[in-house]
Amino acid sequence: MTATDVPPKRPDRRTWLREHSELGVCVLLLALGALVLTDALTMDVEITQRGPVGPRTVPVAVGTGLLVVSVLLAVDVLRGGRGAAEGGEDVDLSEPADWRTVLLLAGVFLATAVLIEPVGFPVAGALLFWGAAHALGSRTVHRDPLIAAVLSLATYAVFDKLLGVPLPGGPLMGVL
């Protein structure tokens with residue numbers, strides 16, 4: 001028996017999943033498409049329907065598009081297709097993920113979601129912008145809170161005053 005007679009070793013399940021990790025994106029797109037289509041098709045539209053194009057049209061088109069893209073991407077991945085890294089991408093995939101940063105960002109987003117009603121968007125937004133900058137590595141203690149406050153107030157003004165999208169003002173509602 002020679003070395004050429006030995007059948008090739010089958011990769012284990014973990015290796016196969018790592019080589020086909022893009023299938024996770026396919027599952028996410030499939031679930032999102034199913035959710036959008038379910039919501040669109042169960043929507044009550046008799047009151048708002050005026051003509052052939054109603055409130056279901058765009059959600060049905062988007063949901064269908066998500067389902068089609070998820071299937072096409074899954075077929076491509078299973079046939080050996082892989083996403084090409086960008087030319088300027090300097091990510092070393094052999095290094096472990098930076099879970100500290102991920103958890104800090106998740107905590108900042110969660111804190112913003114909890115605080116936005118009681119303290120209002122200007123304060124919660126400032127904490128969001130400052131916390132995200134800090135979690136991502138910025139350590140300019142004097143400048144970051146000021147930039148976060150200005151950015152949050154500007155965002156509040158654009159959405160609440162110019163676009164007419166009401167955001168909770170919190171205790172600052174009378175001041176702003």
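This note walks through a predicted model of a protein, from its overall make-up to a few residues.

1. **Overall make-up.** The protein has six helices and zero strands. From the N terminus on, the order is α-α-α-α-α-α.

2. **Burial and surface.** The chain has 176 residues, and 20% of them count as buried. The protein exposes about 13,200 Å². Carbon and sulfur atoms supply 69% of that area.

3. **Contacts along the chain.** Take the contacts with a separation of 6 or more. Residues 24 or more positions apart account for 58% of them.

4. **Helix α2, its length.** Helix α2 covers residues 23-41, which is 19 residues. From first C-alpha to last, α2 reaches 27 Å. That is close to the 27 Å expected at 1.5 Å a residue.

5. **Helix α2, its buried face.** Which residues of α2 are buried? They are C26, L29, G33, L37 and A40. Seen down the axis of α2, these buried residues fall within an arc of 65 degrees, so they line one face of the helix.

6. **Helix α2, its two sides.** What do the buried residues of α2 pack against? Their partner is α3, residues 57-78. On the other side of α2, V27 and L28 are exposed.

7. **L128 in helix α5.** L128 sits in helix α5, residues 121-135. Is L128 buried or exposed? Its relative accessibility is 16%, and buried means under 20%, so L128 counts as buried. Leaving out residues up to four places away in sequence, L128 touches V108, F109 and T112.

8. **L128 and A149.** These two residues are 21 residues apart in sequence. In space, L128 and A149 are 9.8 Å apart, C-alpha to C-alpha.

9. **A nonpolar patch.** V158, F159, L162, L163 and V165 make a nonpolar surface patch of about 460 Å². One of these residues, F159, lies in helix α6, residues 144-162. How does F159 count, at 35% relative accessibility? Buried means under 20% and exposed means over 50%, with partly exposed in between. F159 therefore counts as partly exposed.

10. **Where to look.** Next, find L128 in α5. Finish at F159 in α6, a member of the nonpolar patch.

Note on methods:
Residues are numbered from 1 along each chain as its sequence is written. This is a predicted model: local features need pLDDT of at least 70, side-chain atom pairs count only at pLDDT 80 or more; totals for chains, interfaces and linings use all residues. Side-chain values use heavy atoms; hydrogens and water are left out. Helices (H or I, at least four residues) and strands (E, at least two) are DSSP runs, numbered from the N terminus. Buried means under 20% relative accessible area, exposed over 50%, partly exposed in between (1.4 Å probe, protein chains only). Contact means heavy atoms within 4.5 Å. Accessible areas come from the Shrake-Rupley method with a 1.4 Å probe; for residues, only the protein chains shown count as cover. Patches are made of residues with over 30% relative accessible area and no salt bridge: like charges are joined within 9 Å, nonpolar side chains (Val, Leu, Ile, Met, Phe, Trp, Tyr) within 5 Å. A salt bridge is a side-chain nitrogen of Lys or Arg within 4 Å of a carboxyl oxygen of Asp or Glu. The expected span of a helix is 1.5 Å times one less than its number of residues. The arc is that of the directions from the helix axis to the C-beta atoms.
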